[in-house]
Amino acid sequence: MLHTFHNLRVVVESNEVPRFPSEVREMEPEKRWGWFVNIAVERFDRWCRSLVDLCSVNLELALPPIDVLMVWNAYLLNPIWYAEDTAHISALSHLPVLTEYLAINIASPDLLITNSPHPDRVNSWEHHTETPYDPLDAAAVISHKDIQCPHCEHRMPVPFLGLYGSGYAQSNFVASCASCGKSIKKNLLGLYKLANDIVKIDGFLCGTLHTPYNQHDTGRATLIKKRVMTTAKLPVSNTLTVRKVMQRFNFNPRLLTEVLSGKIQPRIGRRILSAYADDRPFSIDLAGAVLRQASFVRKMADLGWTDPDFFADEEEMVVLQHCVARYHAFLGLMADAPGSFFVPTLDIDLAWHTHQLRATYYHADCKQVVGRYIDHDDKVDEDHLATGFDITCRAWINRYGLPYTYCGCPLPGTTLGQRLRNALSRSRNHMTNELDVLQPPLDAVAGTHASDHNAVYLNHKESERARARRRQKAERRRQRQEELDAKIKEKDTARTTVVRDKRRQTQTETHELAFFYPVPLWIGLGSCVNVPFVVDGGACATVSFGFSSSVL
């Protein structure tokens, strides 16, 4: 699937689709991709709402096109949000049925990524979503999205691209209601979505139902909702209407922030706010999630791991087996220190992502192996991620006596040269077969680079200072490494040669330090694609799972 996702991005960015709107063809490649992803999210939204009819027939006919599959994939890689949303949001209630069908087909994805779907599948898609099946054809004709005015409840279409970045897919989205003439922005649409959830007597607020120990903690969710309503001075009554809620907040989203900062824990308040950033039924920004995952997919493509024939022979399968072995070792690390913030490498991340696509198994394995559910927040401040990676490196070598990475990045505490020297010494005398498998084959060492696709950059002075400190630290580590290598050379020329040869094989001329090239918070579209986020505790870095069956 990753190969197909990568190829789709290459096609969109290549500007070789003449049927795209002229303003899109004039965009820079990255901006064009951001626009396309927003269209894909719109199609995913329409598909989810049509599943009530699609799931009543042959499930194969309900499978979506590749762009929608790409959005679905990004959604699954936020497992706590996915589990909670599909459990209590009516528009997504039929998605779990297809999720199980996806898990069945994930090992042989030809049916999922086919370029020649059955005509009945194409007809079913076009009938229920009213968009062409082909992603490029659809992107060429979808120009507007329907919204409902929070002031007068009038439904109207708004463009994805507008003047001065005012389109729905852009950062400065604003529209004037065609009925009442009042202004509409994304945060107001989000407040309107929350008002609809508040008036549902048996409903819950997004981000409050799923806890680390309970997938359906209705008692906690009910308590949080009551606190929000009490703080906002809203009555718990069957007569409460959406309009009354909006009037209580004076149609001002900032008042919601004030309410949530009252008697609600800050972490929970931030989580709720992030879930009500717009009017989509999903609690996460799926466009931003796809953009960040595309960064990971590109890294996999750069490694050659998305090539269809890369794992075709037995020798290359060793690379895959190594990914799985290190992932299991990572689980052991998490089991030993459940409160720690650990960051995976690219190879571990590949196995972890694959595990999450089997959503039911993923949650069951989490509970069995770790004793709780582990979220995968795919957006973390780059400095927090870098610190977590240093912690992971130290914990790994303490647990397994081996370097965590072999990619060439200088490691914390001691240098890569010293760690390799110690590891080689242990491998000759004390290594067991179990630990042997944690040392990567030569064609897999690049995959032990830190997985930083979920790093986001907060553009303020503290972020700049933190980045400067990390650059200085990386330089000091490199200098220590060179000094130590020189000392080792004087004492043990033969062993130094082994270390140098190993490092030469693991580094490339284009090797970049991790956590200095985050996915941008905003991707411009004439102005910007809206990719908001809230930095919270969990991450691509906080992971701990087991397997029910094969992962890849």
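**A tour of the chain**

Modeller: Start with Tyr-101. Leaving aside neighbours within four places in sequence, Tyr-101 is in contact with Leu-59, Glu-60, Leu-63 and Leu-111. Keep in mind that this is a predicted model.

Colleague: Where is Tyr-101 found?

Modeller: In helix α7, which covers residues 95-105.

Colleague: Is Tyr-101 buried or exposed?

Modeller: Buried. Its relative accessible area is 17%, and the cut-off for buried is under 20%.

Colleague: How far apart are the C-alpha atoms of Tyr-101 and Leu-59?

Modeller: They are separated by 7.6 Å. Along the chain, the two residues are 42 apart.

Colleague: Let's step back. How many helices and strands does the chain have?

Modeller: The secondary structure comes to 24 helices and six strands. The chain has 552 residues, and 56% of them count as buried.

Colleague: What about contacts between residues at least 6 apart in sequence?

Modeller: Of those, 74% join residues at least 24 apart.

Colleague: Now Arg-43. Where does it lie?

Modeller: Arg-43 lies in helix α3.

Colleague: Buried or exposed? An arginine is what I'm asking about, Arg-43.

Modeller: Arg-43 is buried, because its relative accessible area is 1%.

Colleague: What does Arg-43 touch?

Modeller: Not counting residues up to four places away, its contacts include Pro-65, Asp-67 and Val-68. Also among them are Trp-125, Asp-134 and Ile-142. The C-alpha atoms of Arg-43 and Ile-142 are 9.2 Å apart. In sequence, 99 residues separate the pair.

Colleague: Switching to rings. How many aromatic pairs are there?

Modeller: The count comes to 15 aromatic pairs. Take Phe-44 and Tyr-75. They form an edge-to-face pair, 6.0 Å centre to centre, with 80 degrees between the planes.

Colleague: Which helices hold those two, Phe-44 and Tyr-75?

Modeller: Phe-44 is in helix α3, residues 29-54. Tyr-75 is in helix α5, residues 66-76. The pair links distant parts of the chain, 31 residues apart. Phe-44 and Tyr-75 are both buried.

Colleague: Why does Tyr-404 count as buried?

Modeller: Because its relative accessibility is 0%. Phe-389 is buried too, with a relative accessible area of 7%.

Colleague: Which residues form the aromatic cluster?

Modeller: Phe-44, Trp-47, Trp-72, Tyr-75, Tyr-82 and Phe-282 form one cluster.

Colleague: What lies over the face of Tyr-168?

Modeller: Two lysines do. Lys-145 is at 5.4 Å from the ring centre. Lys-186 is at 4.2 Å from the ring centre.

Colleague: Next, helix packing. At what angle do the axes of α1 and α5 cross?

Modeller: Roughly 115 degrees, and the axes come within 10 Å. The crossing is left-handed.

Colleague: Which residues make the contact between α1 and α5?

Modeller: From α1, Thr-4, Phe-5 and Leu-8. From α5, Ile-66, Asp-67, Leu-69, Met-70 and Asn-73. By class, that contact has five nonpolar, two polar and one charged residues.

Colleague: Now backbone angles. Which residues other than glycine have a positive phi?

Modeller: Lys-233 is one of them, with phi near 60 degrees. Lys-233 lies in the loop between α12 and α13. At 66% relative accessibility, Lys-233 counts as exposed. Asn-250 also has a positive phi, of about 55 degrees. Asn-250 is in the loop between α13 and α14. Its relative accessibility is 55%, so Asn-250 counts as exposed.

Colleague: One more. Where is His-210 found?

Modeller: In the loop between α11 and α12.

Colleague: Is His-210 buried or exposed?

Modeller: His-210 counts as buried because its relative accessibility is 5%. Setting aside residues up to four places away, His-210 touches Ile-80, Ala-83, Glu-84, Gln-215, Arg-220, His-363 and Tyr-373.

Colleague: Thanks, that helps.

Methods
Residues numbered from 1 in each chain as written. Predicted model: local features only at pLDDT ≥ 70, side-chain atom pairs only at ≥ 80, totals over all residues. Heavy atoms only, no water. Helix = DSSP H or I, 4+ residues; strand = E, 2+ residues; numbered from the N terminus. Buried < 20%, exposed > 50% of the residue type's maximum accessible area, 1.4 Å probe, protein only. Contact = heavy atoms within 4.5 Å. Phe/Tyr/Trp six-rings, centres within 6.5 Å; stacked < 30°, edge-to-face > 60°. Lys NZ or Arg CZ within 6 Å of the ring centre and 35° of its normal. Axes fitted to C-alpha atoms, helices over the stretch in contact; angles between N-to-C directions. Left-handed = near helix turned anticlockwise from the far one by under 90°. Nonpolar A, V, L, I, M, F, W, Y, C, P; charged D, E, K, R; others polar.
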